[in-house]
Amino acid sequence: MQLRFTNKITRVKVLNNFYMQSFNQNIIQQKMTVQIILTVLIIGLAAGMLSGLVGVGGGIIMVPALIFFLNYNQHQAQGTSLGVLTLPVVLIASLYYYDQCKKMGTPMDLKVIGLLAVGFVGGAYLGSKLAVSLPTDILKKIFAIILFYTAIKMLGWDALFIKWIKGVF
């Protein structure tokens, strides 16, 4: 629906009213207790440390922590996690890794990073469109399956399982 304004003054009044309502809602949402502030800072610190240490943090740490500690729904938690991954946060860690990898004689390939980034932007857009169209309980199950599958692969249990199956048959 497109609004039609009779004059510029009406347009300014309507837009100002909309802005003030949004601003007032944001102020209400920003009032946090000391406990919530500390919880959020600890979640961010843990996710940041794991991100710097092994390249994970947003989805694996932040999303479940936001759901468990702050009672966020799956959509809120995933959107918040993506919001944290903005350019300044990623840029600092990436520059540090770039410098250190270069010093170790194993430089990062900027062409690969660029191509991955293009794919990532497109994939993130399509993934977010899909995520917001799914019911929360389905999204939670998909998220849990991905975490579970990742854990099985990284622990090497998939190879053990296949070996066990071959031994049975």
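Which residue caps the N-terminal end of α6? Asp109 does, with a side-chain oxygen that lies 3.0 Å from the backbone nitrogen of Lys111. The model is predicted. The protein chain holds eight helices and zero strands, and buried residues make up 10% of its 169 residues.

**Overall make-up**

- Read from the N terminus on, the elements of the protein chain run α-α-α-α-α-α-α-α.
- The protein chain exposes about 13800 Å², and carbon and sulfur atoms supply 71% of that area.
- Among contacts in the protein chain with a separation of 6 or more, 39% come from residues 24 or more positions apart.

**Helix α6**

- Helix α6 covers residues 110-133, a run of 24 residues.
- From its first C-alpha to its last, α6 reaches 34 Å, close to the 34 Å expected at 1.5 Å a residue.
- Helix α6 is hardly covered, since the count of buried residues among its 24 residues is one.

**The largest nonpolar core**

- Nine residues form the largest nonpolar core: Ile43, Ala47, Met62, Val63, Ala65, Leu66, Leu70, Ala77 and Phe143.
- Two helices, α2 (34-54) and α3 (58-70), each supply at least two residues of this core.
- The largest share of the core comes from α3, with five residues.
- Phe143, a member of this core, is in contact with Gly59, Val63, Pro64, Gln74 and Gln78, leaving aside its neighbours within four places in sequence.

**Gln74**

- Gln74 is found in helix α4, which spans residues 74-84.
- Is Gln74 buried or exposed? Its relative accessible area is 2%, so Gln74 is buried, the cut-off being under 20%.
- The side chain of Gln74 makes a polar contact with the side chain of Gln78, at 2.9 Å.
- Leaving aside neighbours within four places in sequence, Gln74 is in contact with Val63, Ile67, Thr136, Leu139, Lys140 and Phe143.
- Two of these partners, Val63 and Phe143, are also listed in the largest nonpolar core.

**Aromatic pairs**

- How many aromatic pairs does the structure hold? There are two aromatic pairs.
- In one of them, the rings of Phe68 and Phe69 have their centres 4.9 Å apart.
- The planes of the Phe68 and Phe69 rings stand at 80°, so this pair is edge-to-face, a label used for angles over 60 degrees.
- Phe68 counts as exposed because its relative accessibility is 62%, and the cut-off for exposed is over 50%.

Terms used. Residues are numbered from 1 along each chain as its sequence is written. This is a predicted model: local features need pLDDT of at least 70, side-chain atom pairs count only at pLDDT 80 or more; totals for chains, interfaces and linings use all residues. Side-chain values use heavy atoms; hydrogens and water are left out. A nonpolar core is a set of buried Ala, Val, Leu, Ile, Met, Phe, Trp, Tyr and Cys residues joined through side-chain atoms within 4.5 Å. Buried means under 20% relative accessible area, exposed over 50%, partly exposed in between (1.4 Å probe, protein chains only). Helices (H or I, at least four residues) and strands (E, at least two) are DSSP runs, numbered from the N terminus. Contact means heavy atoms within 4.5 Å. The expected span of a helix is 1.5 Å times one less than its number of residues. A polar contact is a pair of N or O atoms within 3.5 Å; within protein, one must be able to donate a hydrogen and the other to accept it, and residues adjacent in sequence count only if both atoms are side-chain atoms. Rings of Phe, Tyr and Trp (its six-membered ring) pair if their centres lie within 6.5 Å; planes under 30 degrees apart count as stacked, over 60 as edge-to-face and the rest as tilted. Accessible areas come from the Shrake-Rupley method with a 1.4 Å probe; for residues, only the protein chains shown count as cover.
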